[in-house]
Amino acid sequence: MSPRWIGVPRLCLIFLAIAICPLLAIAKSDPEAKTTANEKDNLPSTATLPKSYPVITAKGPCPASNAKPKAAAKVECKVIVTREEFEALVNGMNPHMVKGERQVLANAYGKALALAMEATRRGLDQDPRLQAQLRYSRLIMLANATSKELYNDALASPEEDAEKYYAVHKHLFERFTFDRIYVPLEKRSAVALDPQGTTTSTEASGDNLHEKDMKELAEQAYSRALAGESFDKLQKEVFKTAEISTEPNTKVEDLRRGDLSEVQNVIFDLEPGKISPLLVDQTGYFIYKLVSRTVPPFDSVKQQVTVRMQNDKSAEGIKRIEKLSKAEVNGTYFEKYDPPPPDPNEPETDQD
């Protein structure tokens, strides 16, 4: 059953469905709005109520008409959101929405209805700019629905598909062990280094070495590493020279492609026993030697394989649709486009 809105266009309902989503998101992020496990297990049952049962009712003056502009203000218009309509919205947003969240949504919906009725009464719904935004918002919602459907299709993929995907993309799930030497960009008295090669402490000592000196230290360590000296020995010397009090650890284990910075990710193409170039990024200098690379069995990484396969399938589906649509943007328009000067009498608009 459609909403009974006397004298009010249905266009406003599209606006309402968009406007209340942020309000619900805010409510969900509020720690005080969290619900108990028992409440989640006992969703409200309204099946005994008729589909036309009113959940939200908004009343206000009717919009003026060309025939009777003054009489309209004396006539009351009403919008009724029925159980069927409200539950369709709930199911579209979150089928497992608990009672407290549904009440928050209904309250937000009611407030939005009141504002939308007033907007219509003032004729704001006829503004071409607002109509353009409504059309665009509808397109975005439809695009999101398509993306969700493509992802749900990918979720339905059988396990055999995941095994085939794994057979082709084994390199994405390799595990690597390296020996690593780290040289900071400057001398520091305390540096904590995590397995990804980033520092968590930058307390500078009173007698910092210049960057040039640290670069020379890194180059010397690199030359000695190429000559076959122990990574443990070299790292201890580097830390002592740089006055780093943290106990050095040259072993970096269980890394995957993409775990490091873009500069350091080149090390995943090394062969066992080979040493990387001297690498430098915003955290320091790095020297890596590949100790081992292993491909885990499918059963041990099945979950990761399945998730990655599903994401790839969704992305491929979107690309296929975009290719079929052949949507093109005419760049000539933007070459000639000259935005109008700002109107000092018009308030600033929110671009978020």
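# Talking through a predicted model

Student: Leaving aside neighbours within four places in sequence, which residues is Ser 157 in contact with?

Tutor: Once its neighbours within four places in sequence are set aside, Ser 157 is in contact with Met 309 and Lys 313. Please keep in mind throughout that we are looking at a predicted model.

Student: Where does Ser 157 lie, then?

Tutor: Ser 157 is placed in the loop between helix H5, which covers 128-155, and H6.

Student: And is Ser 157 buried or exposed?

Tutor: Ser 157 counts as buried, because its relative accessibility is 17% and the cut-off for buried is under 20%.

Student: How far apart are the C-alpha atoms of Ser 157 and Gln 310?

Tutor: The two C-alpha atoms are separated by 7.9 Å, although Ser 157 and Gln 310 are 153 residues apart along the chain.

Student: What about H6 and H9, at what angle do their axes cross?

Tutor: The axis of helix H6 (residues 159-168) and that of helix H9 (residues 302-325) cross at roughly 90°, and they come within 9 Å of each other. H6 and H9 are therefore roughly perpendicular to each other. On the H6 side the contact is made by Glu 159, Asp 161, Ala 162, Tyr 165 and Tyr 166, while H9 contributes Lys 302, Val 305, Thr 306, Arg 308, Met 309, Asp 312 and Lys 313.

Student: Okay, zooming out: how many helices and strands does the protein have?

Tutor: The secondary structure comes to 10 helices and 8 strands. The protein has 352 residues, and buried residues make up 30% of them. Its accessible surface comes to about 22,900 Å², with 53% of that belonging to carbon and sulfur atoms.

Student: Among contacts between residues at least 6 apart in sequence, what share joins residues at least 24 apart?

Tutor: The share is 67%, counted among contacts between residues at least 6 apart in sequence.

Student: New topic, how many salt bridges are there?

Tutor: The structure holds 15 salt bridges. As a general point, side chains of opposite charge can pair when their charged atoms come close. One example joins the side chains of Glu 118 and Arg 121, with a distance of 2.6 Å from N to O.

Student: How are Glu 118 and Arg 121 placed in helix H4?

Tutor: Glu 118 and Arg 121 are 3 residues apart in helix H4 (residues 99-121), so about one helical turn separates them. Glu 118 is partly exposed, with a relative accessible area of 23%, and Arg 121 is also partly exposed, with 35%.

Student: Which residue does Glu 229 meet in a salt bridge?

Tutor: The side chain of Glu 229 meets that of Lys 233 in a salt bridge, at 3.6 Å from N to O. Glu 229 counts as partly exposed at 26% relative accessibility, and Lys 233 counts as partly exposed at 43%.

Student: And what does Asp 259 form a salt bridge with?

Tutor: Asp 259 forms a salt bridge with Arg 256, where the closest N and O atoms are 4.0 Å apart. Salt bridges that share partners also join Glu 174, Arg 257, Asp 269 and Arg 293 into one network.

Student: What's going on with phi of Glu 243?

Tutor: Phi of Glu 243 is near 60°, which is a positive value in a residue other than glycine. Glu 243 lies in the loop between helix H8 (231-241) and strand E6 (251-255). Asp 254 has a positive phi as well, near 55°, but Asp 254 lies in strand E6 itself. At 52% relative accessibility, Asp 254 counts as exposed, whereas Glu 243, at 38%, counts as partly exposed.

Student: Is Cys 77 buried or exposed?

Tutor: Cys 77 is buried, with a relative accessible area of 1%, and its place is in strand E2 (residues 76-82).

Student: Last one, which residues form the nonpolar patch on the surface?

Tutor: Val 329, Tyr 333, Phe 334 and Tyr 337 form that patch, and together they have about 480 Å² of accessible area. One of them, Tyr 333, lies in helix H10 (residues 331-336) and counts as partly exposed at 46% relative accessibility.

Technical notes. Residues are numbered from 1 along each chain as its sequence is written. This is a predicted model: local features need pLDDT of at least 70, side-chain atom pairs count only at pLDDT 80 or more; totals for chains, interfaces and linings use all residues. Side-chain values use heavy atoms; hydrogens and water are left out. Patches are made of residues with over 30% relative accessible area and no salt bridge: like charges are joined within 9 Å, nonpolar side chains (Val, Leu, Ile, Met, Phe, Trp, Tyr) within 5 Å. Accessible areas come from the Shrake-Rupley method with a 1.4 Å probe; for residues, only the protein chains shown count as cover. Helices (H or I, at least four residues) and strands (E, at least two) are DSSP runs, numbered from the N terminus. Buried means under 20% relative accessible area, exposed over 50%, partly exposed in between (1.4 Å probe, protein chains only). Contact means heavy atoms within 4.5 Å. Axes are lines fitted to C-alpha atoms, for helices over the stretch in contact, and angles run from 0 to 180 degrees between N-to-C directions. Angles under 35 degrees count as roughly parallel, over 145 as roughly antiparallel, 65 to 115 as roughly perpendicular and the rest as oblique.
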